[in-house]
Amino acid sequence: MHGSPTQGNRDGPISRVTRRSRYSPAVHGTVPRVAGVSRSPSRVSARRPAARARWRGLIPVLALALAFATLISGCASFPDSGPKQWRDKVEGGGPLAAPPRIPDQPPDSDQPPPPPAPPGQGAGPNGCVDPDPQVVATCLSPLSAVAVLPDAQSALVAERATGRILRVQKGKDPEVVATVPVDAGGGGLIGLVLSPSYQEDQLLYAYAASGGDHRVLRIAPGDPPVPILTGIPATPGNDSGALGVGRDGALLVATGADSPNPAPGSLAGKVLRIDAFGRPFKDNPDPHSPIYTSGLRAPAGMCTATDTGTAWVTDHLADRDVLQRIVPSHVGDPSWTWPDRPGVAGCIAPPGAIVVAERGASSLYLLHTTAPGAFTGTPRTLLTGAYGRLGPAALAPDGLLWLGTTNKGAGGPVVSSDDRALRIQPPSAGGGGGPD
């Protein structure tokens, strides 16, 4: 819609003036409303000289004002109404004012997706000071787990080799809240989750390697960790395993195996489903056994879909990386396969998507889901090389994605602020399926 100067009505004041006297650009063309007040020549000429002088002084000013208004009116342009791209503003103006966004599912296109803009452009880290607004905490040991607290502003992170559990929050120094005795060579502190009823009991659950086995421990504020499930076979030289929570409140423990086919009754290579006291969950296939699913080899991450309740586990087979849907008895065929073995790790499952962290590829892998076990569209690789090796992942109550890095000791580039806890914008829910 384009604006245009308003035209005078043929019977209006302007036309009446033009019929009464000769056209004068100085008067009629520039101050039509003043000149349009009809007065007889005798009344005008009868004014005092001072009044006539004041009017003569106003004429140039009013002429200039009308000329400026006419110029604007003739040149103004108003855009047509139509579809507009709308983007949420994340925590306006705060530390997440411009996080690296994992794009929503885009419309169909044959063009390859453009690479994401490198986050934290500008000055790099200086010691443990990292100017990247997505970095929450720095100078940590490699992280194996992230558990976001209910306030969504802070999280607990697990250091694999030290066994420390730290509370991290933007702008505050990390605070040690507990230390789990671990065998670093046997896997260290492997997993960490909040109790399903954390807001009432403030309990944590950890999965860790001890001197002779892997075990699940319950951690109460101010108390030493208490084992609730022991005897899980340790896998020499392998730090595999993951800990999660089902939508029904069950604790899910993914365990590794040192052979492709461990004994059916062994706790190795399984998903164990237990209650808060370490007992078999009420509707396991065998009500007397914690074993829920078998067929894993070297699991690295676990997540539960927020919309469907489907539980997923990432796993490393001998010839490929896979994403498995957790079902009773046996995992069956993989739901997704990576023949190039990018080192899948932690995962999250917001509505309509699964996001998998990749240690070896130093990136995130985005899949869009249509139903439990079904995928649509073209998967995308995101944040490649932005933060180095990405390991644990967790979804916060406010919808943001928390990640931990595992750069130290991995043989790749390390910046002075490694290792780090991160908080970024996750993908939003969406339907449709097309490449970017």
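# Briefing: strand pairing, aromatic cluster and backbone geometry

Leu192 has Ala206 of strand 7 as its bridge partner. This is a predicted model, in which local features need pLDDT of at least 70 and side-chain atom pairs count only at pLDDT 80 or more, while totals for chains, interfaces and linings use all residues. Residues are numbered from 1 along each chain as its sequence is written, and side-chain values use heavy atoms, with hydrogens and water left out. The chain has five helices and 25 strands; helices (H or I, at least four residues) and strands (E, at least two) are DSSP runs, numbered from the N terminus.

**Chain totals**

- Of the 436 residues in the chain, 43% are buried; buried means under 20% relative accessible area, exposed over 50%, and partly exposed in between (1.4 Å probe, protein chains only).
- Among contacts with a separation of 6 or more, 49% are between residues 24 or more positions apart, where a contact means heavy atoms within 4.5 Å.

- Four strands form an open sheet in the order 6-7-8-9, with antiparallel pairing; two strands pair if DSSP finds at least two bridges between them.
- Strand 6 (189–194) and strand 9 (226–232) are the edge strands, each pairing on one side only.
- From one strand to the next, the twist averages 15 degrees; axes are lines fitted to C-alpha atoms, for helices over the stretch in contact, and angles run from 0 to 180 degrees between N-to-C directions.
- Strand 6 and strand 7 (residues 204–209) run antiparallel and are joined by five bridges.
- Strands of a sheet pair through backbone hydrogen bonds, either parallel or antiparallel.

**Aromatic pairs**

- There are four aromatic pairs, counted by the rule that rings of Phe, Tyr and Trp (its six-membered ring) pair if their centres lie within 6.5 Å; planes under 30 degrees apart count as stacked, over 60 as edge-to-face and the rest as tilted.
- The pair of Trp336 and Tyr365 is tilted, because the ring centres are 6.5 Å apart and the planes stand at 50 degrees.
- Trp336 belongs to strand 18 and Tyr365 to strand 21 (residues 363–371), so this pair ties together parts that are 29 residues apart in sequence.
- Trp336 is partly exposed at 23% relative accessibility, whereas Tyr365 is buried at 13%.
- Trp336 also forms an edge-to-face pair with Phe375, at 5.4 Å centre to centre and 70 degrees between the planes.
- Because Trp336 lies in strand 18 and Phe375 in strand 22, that pair ties together parts that are 39 residues apart in sequence.
- Phe375 is partly exposed, at 22% relative accessibility.
- One aromatic cluster is formed by Trp312, Trp336, Trp338, Tyr365 and Phe375.

- Leu272 is in strand 12 (residues 270–274) and is buried, with a relative accessible area of 0%.
- Leaving aside neighbours within four places in sequence, the contacts of Leu272 include Leu229, Ile232, Leu251, Val253 and Tyr292.
- The C-alpha atoms of Leu272 and Ser294 are 8.8 Å apart, for a separation of 22 residues in sequence.
- Thr293 is in strand 13 (residues 291–294) and counts as buried at 0% relative accessibility.
- The side chain of Thr293 reaches the backbone oxygen of Val327 at 2.4 Å. A polar contact is a pair of N or O atoms within 3.5 Å; within protein, one must be able to donate a hydrogen and the other to accept it, and residues adjacent in sequence count only if both atoms are side-chain atoms.
- Not counting residues up to four places away in sequence, Thr293 touches several residues, including Gly269, Val271, Ile326, Val327 and His330.

**Backbone geometry in loops**

- Asp418 and Asp419 are joined by a cis peptide bond with omega about -10 degrees; Asp419 is in the loop between strand 24 (401–405) and strand 25 (421–424).
- Arg341, a residue other than glycine, has a positive phi near 50 degrees.
- Arg341 sits in the loop between strand 18 (336–338) and strand 19 (344–348) and is partly exposed, with a relative accessible area of 45%.
- Leu383, a residue other than glycine, has a positive phi near 55 degrees.
- Leu383 is placed in the loop between strand 22 (374–382) and strand 23 (390–395) and is buried, with a relative accessible area of 5%.
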